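Have the sequence and the 3D view open side by side while you read.

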Amino acid sequence: MPASPSTARAINDRLALRLLQQEGPLTAGQLKQLTGLSRPTVADLVERLGAAGLIAVVGEAGERRRGPNAKVYGIVADRAHLAAVDVRTEGVAVAVADLVGRVLAEASVPIAGDAGTGPALEQAVTLVERVAKEAGAERLHTVGIGAPGLVDPSSGELRDSTGLPEWHRRLVATLQERLPDARVSVENETNLAALAEQRDGVAQDRDTFVLLWLGHGTGAAVVLDGALRRGASGGTGEIGFLPVPGTAAPPTSTDCEGGFHSLAASAAVVELAAEHGVSAEASEAGVVRAAVDVVRGAVARVGRQEAESLDGPAPAVAFLDALADRLAIGVASVVAILDPGCVVLGGEVGQAGGAELAARVQDRIGRMTPLPTGVRATTLGGGAVLRGALLTARDRAQEELFEPGGVGRPDGGQGPSSPPPGRSVGLSRP
């Protein structure tokens, strides 16, 4: 059946907003050309969106020709402010951006392991409030949180996981109490990193890939045909629990020690480096920084040491080979089940290893499976989580503000029909 006039207007408005989001500021003539709509229809939608406070004149085009210049329209970036929160075992990072995703302020704070739940929550929430103030945001429309652990697919809440601080699980509710007008949601950190890699990183050309997170711990995000796969309980990609050879005992339902975590987490990487005579200076920044230092240092030395070595592999070469052997065990298991065609070595350690480590892992995978698999190193590193959280917050805010019921509403679509807080956001949306 043909759309009603109001539905047609809503569809046209949303189409124009999406084009302005993707292409940047445009003239009415350019909108007409890109949408295929008539000139009067474009004029009407421009007037509607301007009255709703969603677009405004940001300049003029055609200064060199005679006659009146064409007005250039763009999305009103400060129509809504968004926050991204990256929750780690050792601290929190926060970024605040406008509606088009431009970062206005960001900061991070370490949180000691013995800080206690209350003080840790206060540190995290205070940081969000401080960064929002520095960004000039009177209120936050949407807050996206990336955290380790399982996110319940039905409730959108972070599940209670052994080994993770209690304040992680309580952060969503606490932020919602302190920011009652905001929509607050949490997503697994590795899933957010995969989103960032697909949008802005090394997987932009891939609809199907797996991201292997290498940081304080290990994790994997699975993207098949453009969609993030979470599994029945939200646990797809919990590769730290994968039983692997070379450990003292298999993992348990409450402890991933003995699983792939024991081979590839930062503490294991530092120990492996020491076994091969590669060490890093003690760092107050923690075990992740130590792992990054030993891997980056080995990569920097590997070319020279390969040339100088006469009596077998030099320490840096032997260490990277041994690390690639370990990583290949986990990657090969993923490849055998999913055949993703591409694996991204993510996280801080994946970035430190770069192309040198990725090439070593790809070589081993090529000898372990008949399934062609490219292995790439992240270009975003640990910052991928914060970037992914910001992208999901922006998507959610724009979905709400740009939806038919939200355009032109004084509350920006924040009425009873808004989705409830705590729902996680994936790579693909209907």
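## Leu26 and its neighbours

Leaving out residues up to four places away in sequence, Leu26 touches Leu19, Leu20, Leu31, Leu34, Lys71, Val72 and Tyr73. Touching, or contact, means heavy atoms within 4.5 Å. Look at Val72 in that list: Leu26 and Val72 sit 46 residues apart in sequence, but their C-alpha atoms are 5.2 Å apart in space. Leu26 belongs to strand β1 and, because its relative accessibility is 7%, it counts as buried. The cut-offs are: buried is under 20% relative accessible area, exposed is over 50%, and partly exposed is in between (1.4 Å probe, protein chains only).

A quick word on what you're looking at: this is a predicted model, where local features need pLDDT of at least 70 and side-chain atom pairs count only at pLDDT 80 or more, while totals for chains, interfaces and linings use all residues. Residues are numbered from 1 along each chain as its sequence is written, and side-chain values use heavy atoms, with hydrogens and water left out.

## The three-stranded sheet

Strand β1 is part of an open sheet of three strands, ordered β1-β3-β2, with antiparallel pairing. At the edges you'll find β1 (26-27) and β2 (55-61), each of which pairs on one side only. Strands here are DSSP runs of E with at least two residues, helices are runs of H or I with at least four, and both are numbered from the N terminus. Two strands pair if DSSP finds at least two bridges between them.

How many bridges join β2 and β3? There are six, linking β2 to β3 (residues 70-75) in the antiparallel sense. To see the pairing in the model, find Ala56, which stands opposite Gly74 in β3.

## A hairpin

Val92 has Val109 in β6 as its bridge partner. The two strands, β5 and β6, form a hairpin with four residues between them, and Gly101 in the turn has a positive phi of about 95 degrees.

## The five-stranded sheet

Another open sheet has five strands in the order β11-β10-β9-β12-β13, and its pairing is mixed. Its edges are β11 (227-228) and β13 (374-377); each has a single partner strand, so one side of each has no neighbour in the sheet. β9 (residues 209-214) and β10 (residues 218-224) pair in the antiparallel sense over six bridges. Val210 is a handy landmark: its bridge partner in β10 is Val222, and its bridge partner in β12 is Val343.

β9 and β12 run parallel and are joined by four bridges. β12 and β13 also pair in the parallel sense, over four bridges, with Val343 partnered by Val375 in β13.

## Inside β12

Is β12 enclosed or open? Five of its five residues are buried, so β12 is largely enclosed by the rest of the structure. In a regular strand, side chains alternate between the two faces of the sheet. In β12, Cys342, Val344 and Gly346 point one way, Val343 and Leu345 point the other way, and all are buried.

For a contrast, go to Pro372 in the loop between α11 and β13. Because its relative accessible area is 67%, Pro372 is exposed. Pro372 and Asp339 are 33 residues apart in sequence and 8.2 Å apart in space, C-alpha to C-alpha.

Thr142 lies in strand β7 (residues 142-147) and counts as buried because its relative accessibility is 1%. Leaving aside neighbours within four places in sequence, its contacts include His81, Leu82 and Arg183.

## The whole protein

Zooming out, the protein has 12 helices and 13 strands. Of its 430 residues, 51% are buried. Among contacts between residues at least 6 apart in sequence, 65% join residues at least 24 apart.
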